[in-house]
Amino acid sequence: MSAETNVMNINSNSNSNIVPTKYWHKLDDGRIQCDLCPRECQLRDGKRGVCFVRQNLDGMIKLTTYGRSSGFCIDPIEKKPLNHFYPGSSVLSFGTAGCNLCCKFCQNWDISKSREFDTLSASASPEALARTAARMGCKSIAFTYNDPVIFLEYAVDVAKACREHQIKTVAVTAGYINPEPRVEFFKYMDAANIDLKGFTEQFYHKICSGHLSDVLDTLLYLRHETQVWFEITTLLIPGENDSSKELEQQCRWVHDNLGADVPLHFSAFHPDFHMLDKPKTPASTLLRARDIALQQGLNHVYTGNVFDVAGGSTYCPGCKKQVINRDWYELGEYHLNAEGKCTYCGTQLPGRFSGAPGHFGRNRIPISIG
């Protein structure tokens with residue numbers, strides 16, 4: 001695939017980036033409450049929510065970053081990470097600015113915690129994004145780098161445009177969203193990676209300024225009320241969310257409530273943002289977490305941000321043989337048929353498969369959409 005793409009011109013004025021939203025209501029004291037996420041920010045005229053991108057303007061909550069982005073890049077789908085969603089395919093990735101959680105360890109803080117609109121130097125209409133993904137041979141578009149629930153209106157419009165071009169859509173999200181907008185948001189998503197930060201209320205409250213129960217509700221909703229393919233990622237931070245007891249509780253909950261076939265990724269932390277005093281996660285912690293998850297009956301458990309071919313590869317839950325070999329994001333031996341069945345024993349693997357695997361590999365291709 002060429003790293004070059006034609007630059008598209010989009011005619012717009014500055015006000016086109018500010019659009020009305022519908023998840024809010026007025027309070028008796030004159031403020032407006034945003035009802036998008038569990039934070040439920042109560043805002044006076046001109047004030048912004050914690051996410052920074054939703055603002056009380058003209059007596060309503062408006063999204064102020066519609067059509068704007070911090071940049072566009074074509075990645076391997078395994079980088080999201082999604083290991084059971086059209087393996088080896090490429091995905092057009094982009095994000096905006098802001099976030100509705102306040103994680104002290106944020107690995108993308110320069111984007112998610114940005115308060116400068118200069119971060120949003122790129123722009124694209126939903127149709128331009130869908131056409132570019134199709135032209136570049138991408139199987140999907142991913143809303144990533146910062147949480148897409150805060151730019152729901154833009155993400156949904158992009159997803160609608162993608163359907164016209166047979167492009168799938170992927171949400172990389174913490175799942176921190178209220179029930180009513182959650183229905184609309186995931187109605188248009190084909191896949192998601194849910195960032196389960198930890199498995200105690202104390203961790204969510206102390207480190208993320210959020211609540212665990214709201215994220216678990218999103219996971220239960222995805223599993224039992226949608227057809228969205230989803231995988232889970234937990235970034236393991238030394239001394240914070242990596243105890244064997246907590247990992248056992250998390251894996252048992254996933255098994256009992258979501259099923260044995262939901263892929264679970266354990267990723268390595270590196271010091272960043274407000275957690276510069278913490279050491280990076282040793283590989284031994286990820287291996288221990290993976291062993292615990294397998295012992296709890298989960299079939300597909302992965303390690304991330306470390307070199308670990310065994311922890312990055314996929315195994316058949318029937319015959320236990322390796323069916324997808326991965327070296328970082330590069331696919332090696334592949335033993336699934338076009339429908340995702342093991343060629344050794346015929347067991348159907350969970351996920352989304354169609355034809356032969358892609359061979360995008362480890363490429364990362366920044367692109368420009370005018």
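Ser 69 has its place in strand 7 (residues 68–69); helices (H or I, at least four residues) and strands (E, at least two) are DSSP runs, numbered from the N terminus. The model is predicted: local features need pLDDT of at least 70, side-chain atom pairs count only at pLDDT 80 or more, and totals for chains, interfaces and linings use all residues. Residues are numbered from 1 along each chain as its sequence is written, and side-chain values use heavy atoms, with hydrogens and water left out.

Ser 69 is buried, with a relative accessible area of 0%; buried means under 20% relative accessible area, exposed over 50%, and partly exposed in between (1.4 Å probe, protein chains only). The side chain of Ser 69 reaches the backbone nitrogen of Gly 71 at 2.9 Å. A polar atom of the side chain of Ser 69 also lies 2.8 Å from the backbone oxygen of Gly 95.

Elsewhere, three strands form an open sheet in the order 2-3-4, with antiparallel pairing; two strands pair if DSSP finds at least two bridges between them. Its edge strands, each pairing on one side only, are strand 2 (24–26) and strand 4 (42–43). Three bridges join strand 2 to strand 3 (residues 32–34), and Lys 26 stands opposite Ile 32 in strand 3.

Helix 3 (residues 152–164) has 13 residues. Its buried residues include Leu 152, Tyr 154, Val 158 and Cys 162. Just after helix 3, Gln 166 takes a positive phi of about 55 degrees.

The mean pLDDT of the chain is 92, pLDDT being the predictor's confidence in each residue, from 0 to 100. Over residues 1–14, pLDDT stays under 50. Where pLDDT is low, the predicted coordinates should not be read in detail.

Conventions
Expected span 1.5 Å × (residues − 1). Contact = heavy atoms within 4.5 Å. Polar contact = N/O pair within 3.5 Å; in protein donor to acceptor, adjacent residues only side chain to side chain.
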